Amino acid sequence: MLELREITKRFGDVLANDRVSVVVEPGTIHAIVGENGAGKSTAMRIAYGFYTADGGEIVVDGEVRKIATPHDAIALGIGMVHQHFMLVDTMTVAENIVLGAEPGSAATLDLQKAAREIGALSDEFKLSVDPEAMVENLSVGQQQRVELLKALYRHARLLILDEPTAVLTPQEVEEFFIILRRMREQGKTVVIITHKLSEVLAISDEVTVMRDGRVVGRVKTSETNAAELARMMVGRDVLLRVEKPDARAGRTVLSVKRLTVVVRSGGERGLRDVSFDVRAGEIVGIAGVEGNGQTELVEALAGLVHASQTSGAIEFEGRDITRTDARTRHELGIAHIPEDRHRRGLLLDFDLSENSILGVHYREPAVSRSPMLDTAAIRVRALELIKDFDVRPANPDLPARALSGGNQQKLIIGREFGLPPKLLLVSQPTRGVDIGAIEFIHRKLVGLRDEGCAILLVSAELEEVTALSDRLLVIHHGRIVAEVDPKQTTNEEIGLLMTGGSKANVE
Amino acid sequence: MKLLRELLFPLVAVAAAFVVGGIVVLLIGDDPIYTYKLLIGSALSWPDGIGRTLFYATPLIFTGLAVAVAFRCGLLNIGAEGQLYVAAFATAWVSIKLGGTVVDVFGTPVNYSWASLPAVLLVPLAILTAIVVGGAWGAIAGYLKAYFGAHEVITTIMLNFIAVALVSYFTQYHYKVPGDPILQTAPIGAAAHIPRLSAFIPGLPESIPLNVAFILALLACALVYVFLWRTKWGYEIRATGANPTAAEYGGISIRKQIVLAMAVSGGLAGMVGVNEVLGYHHRYYDSFSENYGFTGIAVALLGRNHPVGIIFSALLFGMLQRGAIPVDAFTEHVSKDLVQVLQAIVILFVAAEAAFRGSFGRFGLLKRSKV
Amino acid sequence: MNEIFKLSLIFSTIRLSTPLLLAALGGLYSERAGVINIALEGLMLAGAFTAAAVTHYAGNPWIGLLAGILAGMAVASIHAVACIRYKADQVVSGTAINILMIGVPALLSGAFFLSSGSTPQIPKDNLIPWTPVVIAFLLVPLTWYVLYRTPFGLRLRAVGENPGAADAAGVSVNGMRYAAVLLSGALAGIGGAYLSIGQSSLFTRNMTSGRGFIALAALIFGKWRPVQTMLACLLFGFTEAISIQLQGVKVGGEEIPNQFIQIIPYVLTIVVLAGFIGQARAPRALGMPYQKER
């Protein structure tokens, strides 16, 4: 049905796709797996005409085709559901579905006719979507079905789904897989991009594995297993070991009591009634599928969520800090390594010196002699930080933008370690960071713990949280659903808890 | 290398504007070379040309700085025009009310004042008034943005019209000398006059209105530089402009920065009143501004939102304004409006080019508010 | 007081609303597609000057009107190319256009008519005092229909709300935006033409005197919807009509300051923007150049 031949795509210096070849047989569900940044989405976006390839060709139904725009792809019967839904919130379901493929003449938009057709399609695949509903009022699962309908309405025979389950609850995932199987029965072909092996095994007929922009394997699902796929994905036997002595936990530093965070637009998201403690000298990990309230938890603890959106209490060293702002918490000794360093952690166009004082820029006498900044002292501090945390290139005058992800992260870590913190909130510490820097960061975190700092660690990498944490809390759907000893628990067991303890989608 | 690149694009934009402007001149039937010779030659003649070029550049330095400070906070202040009007009126009001007896347009001595302060008190007070009132007018837009999410571009446009209407109302109904056919206030007290530079520079005739405000403008450039790059307040403003979510993470109150930046911006725009009222007209004169607030946008953009760049681009635009007068008089068809056209083209080129390099891409705040 | 509330006030309101309405509807197309249009003032000036100049030479107001439309579109195309092709900041580009259109008509009138910024008087027979009024008010239901009942309108709204979604659905985001901005130039051009060859009989320097901005205010006040925008234009036209009628009228021996009536549209717009009267929600992608995410 669809074949990519030797597709190559560059973004600036990054080779996103290196001679990628994929063959998708008609009437099958084909999974494309790989770690974040392996080039899966890029390859499929090329197939959908969202990007144009620098080299290679696309074959549809045995013929070489030029797909320059999504329009071309749609004409060939290819539809795509993006990871972030491409829906106009303020329009109805029907309007969204017909957009770009409107029924009726140029002078009239026949939405009634469209609604009838959509209703019929919805019934055929048992999607139960109301064409008149406003998209912003739909749940995430319903919005996804609207995306499916959008493709079906355009007579797509091949559906490309980019990380379709990332935002779904386990129940929704189950329903979603039933829909996919029904589509296969009706003769549709499905390509599903994912990094979740359990789902690959549960739903697909065939798998293409990608790593670092290349295809590293293609297997029938029935002839493989999770371990083999994982090995292909990572390119090595997964070995993430952190040498660390047992924790000597001291007094309670952070005490969270019935913390609830309401997210205004997120519907299902947010944090519900969460209580736990973190003591000095221990790392408490939060394990969970991304988007289950981790971001809200960390931001609420850091003072970045408006008080009107939270309830419950946060105590720090016995003091109620629920109503204090980010600056006050920082001054008390709460450091924060944010999950998204470009959004929160750095001023990308500022130089390293200026970045090294974010959050402490007003402190005397190290940084400022009010109201003047002490530029000489700042430079000395920055040079020290750069040396201690091995930030490369070691030039405080470079803009942060010029650094690699790992070095940017080391800069942030150095800055926050310099507080010095009594409590460290750290989120996704090694995301987008090279192997060397990962080890460095892990050692630093353990070192900080051994100096008596309380650490709350959030990571989407299960390996990372289990390896680093002394205690592990599992979060699901905004609630802490379990506390486990990471040494006594297998990753499979934790994985099960992370998905709400439901076995159904693991099979 | 970096400096060269920073200089290259503005220079290209100016050159391109002159080329396009030259084509326009050609099309309406004049000789572009002759026109430009006239324009630049007269603007650079000593003492009249240079004196007036510097005089015209003075308000533009202030408005350029005003736009730049707001821009560094991620805000586009197109309300400098309104800010400078209210400030000019306020500074005139203070100088009338505390300036003692004056001679009005009919040659009659009159006293509208409550007191007669000496120059050492009145001048600083009048300058302070201009800064505070301009700043307050700017802060309104900042406040509406920070606490109600109202986009500063639209509110400043609206506040411009409101400002113009308000000061024209006060002038017309309360502070005009009865019988004066011109819409202007009574003259300000002589103690509020600031000296012309002709008093200090030999060879500069007294007729050139270039005054101490020009020195203040240069001083303001230095102060703005120190404020933005050497103080914690400037750091917070720039951090907010560069990445509001990161600033928030760094314990910086974005809302306060928005209000502060708009207040500083308005205060700088308000300094135009010092040049016009204390240094030149010696009264508030209705609709005195030759679009200084809007030209300030061009000045700031061309000057890369940096005080040093702003001095140069203000000088360029001041030169155009000065040079336009002989162009009007001595060419057959071209009028002084050529200057507006050149200005507009410069803005267009710089704006399109700035986007090229991504320096507009970080309008983080723009995305967060209603337009 | 009573004699001012007569039929003439209604006519005057309608006539004064017309240029606002034409420009505001123009702005509506542009802004619903996601392109901020503070250049309305400049576009109106382009239309006003060109219509008057061409009518003077051609002796036919219809040719003049057409020329005004084309001039509006030509100037709008500068805004479009700057904002869409070169991703310039839309506010900055709009400001540049406004400055440009103070200069260009003045420059041209100096060259062609040896005057500093006005065109020669046009004879009364060559004026079109009512046609643009009819066009303006007919355009309201038409715009509503186009926006909500045609594929073009659906795409336009989608592009202004979520260009990524529109692109993914196979809609050309930039194509729609070009069309919308050019349309705004055409409508603002008619609005300007009405000022010079409808309401008056020549172009004078800066004759729009802020009407482009009032139109923008009406667009925001009308929450980017055609009918509400028309009502806002009528309200603002009414305040202008009142302020003209009240000139020189004394109430209890005191003149009513014109300025207070003039600022009503601006104050109301701020009040609405700040959310004191309902919520004015702008098209979500307004002001943002479309860039494919990576």
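What follows is a short chat about reading a sheet and a helix pair in this predicted model.

Colleague: Let's start with the sheet in chain A. What is the order of its strands?

Modeller: In general, strands of a sheet pair through backbone hydrogen bonds, either parallel or antiparallel. Here you have an open sheet of 4 strands in chain A, ordered S2-S1-S4-S5, and the pairing is antiparallel.

Colleague: Why is one side of S2 and of S5 left without a neighbour in the sheet?

Modeller: Strand S2 (14-24) and strand S5 (63-65) of chain A sit at the edges with a single partner strand each, so one side of each has no neighbour in the sheet. As for twist, the average is 30° from one strand to the next.

Colleague: How many bridges join S1(A) to S2(A)?

Modeller: Strand S1 (residues 2-11) is joined to S2(A) by 7 bridges, and the two run antiparallel. To find your place, look at Phe11(A), which stands opposite Val14(A) in S2(A).

Colleague: And which strands does helix H1 of chain A lie across?

Modeller: Helix H1 (residues 40-47) lies across S1, S2 and strand S4 (55-60) of chain A, at about 115° to S1(A).

Colleague: Over to chain B. At what angle do H3 and H10 pack?

Modeller: Helix H3 (residues 48-72) and helix H10 (residues 254-270) of chain B pack at about 175°, with axes 7 Å apart. An angle over 145 degrees counts as roughly antiparallel, which is why H3(B) is described that way relative to H10(B).

Colleague: Which residues make the contact?

Modeller: Among them are Phe62(B), Leu65(B) and Val69(B) of H3(B), and Met262(B), Val264(B) and Leu268(B) of H10(B). The contact residues divide into 10 nonpolar, 3 polar and no charged.

Methods
Residues are numbered from 1 along each chain as its sequence is written. Chains are lettered from A and ligands numbered from 1 in the order in which they are written. This is a predicted model: local features need pLDDT of at least 70, side-chain atom pairs count only at pLDDT 80 or more; totals for chains, interfaces and linings use all residues. Two strands pair if DSSP finds at least two bridges between them. Axes are lines fitted to C-alpha atoms, for helices over the stretch in contact, and angles run from 0 to 180 degrees between N-to-C directions. Two residues are in contact if their C-beta atoms, placed from the backbone, lie within 7 Å. Angles under 35 degrees count as roughly parallel, over 145 as roughly antiparallel, 65 to 115 as roughly perpendicular and the rest as oblique. Ala, Val, Leu, Ile, Met, Phe, Trp, Tyr, Cys and Pro count as nonpolar, Asp, Glu, Lys and Arg as charged, and the others, Gly among them, as polar.
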